[in-house]
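Subject: A structure to look through

Dear colleague,

I am handing over a structure that I would like you to read alongside the notes below. Please keep the sequence and the 3D view open while you go through them.

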Amino acid sequence: AEPSLNVERIDGADAHADLLKKAMKNAKDSIIILCGWVTDYVVDEEFKELLKGALERGVNVYIGYGYVAANEAKPRNDAQKRAEDYLYKDLLPWCVEQDPKGILKIVKHPNHAKVLIRDEEYAVCGSFNWLSNAGRSRNRDYSWVIKDKEFVIKEKEIILNELLSHYDKRDFLKTIFPWSRH
């Protein structure tokens, strides 16, 4: 018999959206979400509560987004602006004020990745835009859920090194508010 690859396939936007919610409800250590865009189609009231709950439980949450098209200076749409406003103007100040057990790191940098990593349990890579697709799209999305612990640990390290190496102007605030872990 062939050895198991420890890989599953998920199919459909709603299955992906459900997996993101489950990850936020059940993560024990960390969540990494990479996506080209962030919109309030996903960053809605339920998402906000799940995210705060994860942070309060001590889950470290890393969000990387910021698709940049070649030769295109396309302005953000209202759904993107509202989501970014929430993350930077509401959630980060909430983190400073409430000081949850987990830390939140939001990095805006050019990427088109579609990755979700929960703890050292699994990594998901495929076509689903985690932070801009609420699961209502008629487009077909599918991804592979990889549950090989060695692979997940290695990818997590690579992605975190990449994310945390990107300088963001908002990091300048740490020189003003050095007590903030966020």
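Two strands are said to pair if DSSP finds at least two bridges between them, and strands themselves are DSSP runs (E, at least two residues), just as helices are DSSP runs (H or I, at least four residues), both being numbered from the N terminus. With that in hand, you can find V61, whose bridge partner in β4 is L104; strand β3 (residues 60-65) and β4 pair in the parallel sense over five bridges.

Please note that this is a predicted model, in which local features need pLDDT of at least 70 and side-chain atom pairs count only at pLDDT 80 or more, while totals for chains, interfaces and linings use all residues. Residues are numbered from 1 along each chain as its sequence is written, and side-chain values use heavy atoms, with hydrogens and water left out.

**The overall fold**

The protein has five helices and seven strands, and from the N terminus on its elements follow the order β-α-β-α-β-α-β-β-β-β-α-α. The seven strands form an open sheet with mixed pairing, in the order β1-β7-β6-β5-β2-β3-β4. Because β1 and β4 stand at the edges with a single partner strand each, one side of each is left without a neighbour in the sheet. From one strand to the next, the twist averages 10°.

Helix α4 (residues 149-165) lies across β2 (30-34), β3, β4, β5 (115-118), β6 (122-126) and β7 (142-146), and runs at about 65° to β2; axes here are lines fitted to C-alpha atoms, for helices over the stretch in contact, and angles run from 0 to 180 degrees between N-to-C directions. Contact means heavy atoms within 4.5 Å, and among contacts between residues at least 6 apart in sequence, 81% join residues at least 24 apart.

**Burial and surface**

Of the 182 residues, 46% count as buried, where buried means under 20% relative accessible area, exposed means over 50%, and partly exposed lies in between (1.4 Å probe, protein chains only). The accessible surface comes to about 10,400 Å², of which 51% belongs to carbon and sulfur atoms; these areas come from the Shrake-Rupley method with a 1.4 Å probe, and for residues only the protein chains shown count as cover.

On that surface, L5, V7, Y142 and W144 make a nonpolar patch of about 410 Å². Patches are made of residues with over 30% relative accessible area and no salt bridge, with like charges joined within 9 Å and nonpolar side chains (Val, Leu, Ile, Met, Phe, Trp, Tyr) within 5 Å. V7 belongs to strand β1 (residues 7-11) and is partly exposed, with a relative accessible area of 40%.

**Salt bridges**

A salt bridge is a side-chain nitrogen of Lys or Arg within 4 Å of a carboxyl oxygen of Asp or Glu, and by this rule there are eleven salt bridges. One of them joins K21 and E46, whose closest N and O atoms are 3.2 Å apart; K21 lies in helix α1 (residues 13-26) and E46 in helix α2 (residues 45-57), so the pair ties together parts that are 25 residues apart in sequence.

Another salt bridge is formed by E84 and K108 (3.1 Å, N to O), and this pair links E84 in helix α3 (residues 78-98) with K108 in strand β4 (residues 104-108), 24 residues apart.

Salt bridges that share partners join R118, D119 and E121 into one network.
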